[in-house]
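Q: Could you walk me through how to read some features of a model, one at a time?

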Amino acid sequence: MESIIKAVDLKKRYTLGKDNFVDALRGTSLEVPKGEMTAIMGPSGSGKSTLMHLLGTLDRPDSGEVWLSGRRIDQMKSGDLTTVRSEELGFIFQGFNLIPTLTALENVSLAGEYAGTGRGKAKDAARGALERVGLGDRIAHRPSELSGGQQQRVAIARAIVNEPHVVFGDEPTGDLDTATSDEIMTMMREINKSSGTTFLLVSHNPEVAEACDRVVHMRDGLIVDDVKN
Ligand SMILES: Nc1ncnc2c1ncn2[C@@H]1O[C@H](COP(=O)(O)OP(=O)(O)OP(=O)(O)O)[C@@H](O)[C@H]1O
Ligand SMILES: [Mg+2]
């Protein structure tokens, strides 16, 4: 199957001062086929978020290659990366990262507007995405007027509103109780199945890993295990 994500020998060192550095990635390679739902697990500090940031164009490797849909992106100009990011990628974070002063509808339509969709169309798409995550009756609520699970569903709607090829999640269920976490996982799985969207989820939660097609384990900046469910 065609790989939508391909990482080759990625290295990333964070330098904090003279003789003070962390090798967060020490030569990591990974290929993800289109439509796969993958969990990345591993101890704290093993490089999971760093890897996700490099694959998601949020940061650049020191060396190695990142390919997305057959294009090499690690050396692309920042402006082009912004376009790739807003049109082809979606992100879901542990803390939801919604804008507190905006309604659910405004939070989601903003992502469409950033990607260049006109305001009216972006609003329609946002309404559709919110309906898809079961929040059609909460579009006028601000984040503080929604439960944690509902806020994360808004974040999912925002991540999928531009019909991205890949959705990245860094601990997307980290702030949620078990029942809500299951609900969010089921929802992402449904989107993955119905739209063929590729998901790459960093998680400490074994239930998230279990619901994925594949589990990649990291340790000390390297992939040490890679199993299909
Ligand atoms: N901006 C940064 N500057 C300096 N060091 C960093 C930076 N970001 C991460 N690190 C270091 O790089 C290593 C890998 O960090 P990373 O955030 O990728 O780990 P992680 O696997 O996501 O951990 P966690 O499960 O705790 O989120 C850690 O040792 C961390 O301290
Ligand atoms: Mg992390």
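Q: Which residue stands opposite Ala7 in β2?
A: Two strands count as paired if DSSP finds at least two bridges between them, and strands (E, at least two residues) and helices (H or I, at least four residues) are DSSP runs, numbered from the N terminus. Here, Ala7 faces Leu30 in β2. β1 and β2 run in the antiparallel sense and pair over 11 bridges. In their hairpin, with two residues between the strands, Asp19 has a positive phi near 60 degrees. A word on the source: this is a predicted model, in which local features need pLDDT of at least 70 and side-chain atom pairs count only at pLDDT 80 or more, while totals for chains, interfaces and linings use all residues. Residues are numbered from 1 along each chain as its sequence is written, and chains are lettered from A and ligands numbered from 1 in the order in which they are written.

Q: Which residues of helix α1 are buried?
A: A residue is buried if 20 or more other C-beta atoms lie within 10 Å of its own, with C-beta atoms placed from the backbone. In α1 (residues 48–55), these are Lys48, Thr50, Leu51, Leu54 and Leu55. They lie on the same side of α1, because they cover an arc of only 165 degrees around the axis, taken from the directions from the helix axis to the C-beta atoms.

Q: What do the buried residues of α1 pack against?
A: Contact means C-beta atoms, placed from the backbone, within 7 Å. The partners of α1 are β1 (3–17), β2 (20–33), β3 (37–41), β4 (63–68), β8 (198–202) and β9 (214–219). Just after α1, Thr57 takes a positive phi of about 65 degrees.

Q: Which element gives the most to the shell around ligand 1?
A: A residue is near a molecule if its C-beta atom, placed from the backbone, lies within 6 Å of it. For ligand 1, α1 gives the most, with three residues. Among the residues surrounding ligand 1 are Tyr14, Val22, Gly45, Lys48 and Thr50.

Q: Which residues touch the most other members of the largest nonpolar core?
A: In soluble globular proteins, nonpolar side chains tend to be buried together. A nonpolar core is a set of buried Ala, Val, Leu, Ile, Met, Phe, Trp, Tyr and Cys residues joined through C-beta atoms within 7 Å. In the largest one, of 61 residues, they are Val108, Ala129, Leu130 and Ala157. α5 supplies the largest share of this core, six residues. Leaving aside residues up to four places away in sequence, Ala129 touches Val108, Ala157, Ile160 and Val161.

Conventions:
Buried ≥ 20, exposed ≤ 12 C-beta atoms within 10 Å, placed from the backbone. Contact = placed C-beta atoms within 7 Å.
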